[in-house]
Amino acid sequence: MTSSPTPVSLATDQARTRLHELTVIDVRTPAEYATGHLPGALNIPLDHVRRALPEIRHAAEHGDILVVCASGARSANACKLLSEQGIPTATLAGGTGAWAADGHGLHRPAACDTRAGWSMERQVRFTAGTVVLLGLALGLLVHPAFQLLAVGIAGGLVYSAVTDTCGMAVVLGKLPHNRPRAADLDTALTVLRSR
């Protein structure tokens, strides 16, 4: 068994100075990507990284790979997956949030469809809050058993924090506005093949 390369973390200034030589893969949803991404970043959502392994491996043979997301959590998961496949990667410390906070520009294409301009974190917070309020209201107005919705969400949030996973994000990621159009994903894969 070969040892897998250890993913490294680049600070935003390090990434900015090397941006021209890096293949940047943004693993956020297409809706998040459309709200602003690193210049030149290719959108391959986290749940499509396995499908893109041959293309990512090809690009890694010709240069360094930088994986980004909103805060660094999803890109760390993607880097771990790629590392297990023997593909050396780096992640952007703090993600696109840190990139923008440090004053570096995000690319926001004017023609990009931004039907859902909310980050996945914001979508999760909104959905969790809505379900909790709905459970409490129905528990008061209809039947106390509806309060179990709030208990379920609270338990899910605790589990999510302990395991550093998010089942609700996985479910929300399957909504149409969070899914890549086949043509967009195929275009990203074609660009990786050409590296």
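**Close-up views of a predicted model**

**View 1. A salt bridge between R18 and D64 in the predicted model.** The side chains of R18 and D64 come together in a salt bridge, with 2.4 Å from N to O. This pair links distant parts of the chain, since R18 belongs to helix α1 and D64 to strand β4 (residues 64–68), 46 residues apart. R18 counts as partly exposed at 24% relative accessibility, and D64, with a relative accessible area of 43%, is likewise partly exposed.

**View 2. R18 and its other partner, E21.** R18 also forms a salt bridge with E21, where the closest N and O atoms are 2.7 Å apart. E21 is partly exposed, its relative accessible area being 42%.

**View 3. The surroundings of A11.** A11 is found in the loop between β1 (8–10) and α1 (12–18), and it counts as partly exposed at 36% relative accessibility. Leaving aside residues up to four places away in sequence, A11 touches L92 and A93. The C-alpha atoms of A11 and L92 are 6.2 Å apart in space, although the two residues are 81 residues apart in sequence.

**View 4. A nonpolar surface patch that includes V142.** L140, L141, V142, F146 and L149 form this patch, which together has about 540 Å² of accessible area. V142 lies in the loop between α6 (120–141) and α7 (148–163), and at 55% relative accessibility it counts as exposed.

Notes: Residues are numbered from 1 along each chain as its sequence is written. This is a predicted model: local features need pLDDT of at least 70, side-chain atom pairs count only at pLDDT 80 or more; totals for chains, interfaces and linings use all residues. Side-chain values use heavy atoms; hydrogens and water are left out. Helices (H or I, at least four residues) and strands (E, at least two) are DSSP runs, numbered from the N terminus. Buried means under 20% relative accessible area, exposed over 50%, partly exposed in between (1.4 Å probe, protein chains only). Contact means heavy atoms within 4.5 Å. Patches are made of residues with over 30% relative accessible area and no salt bridge: like charges are joined within 9 Å, nonpolar side chains (Val, Leu, Ile, Met, Phe, Trp, Tyr) within 5 Å. Accessible areas come from the Shrake-Rupley method with a 1.4 Å probe; for residues, only the protein chains shown count as cover. A salt bridge is a side-chain nitrogen of Lys or Arg within 4 Å of a carboxyl oxygen of Asp or Glu.
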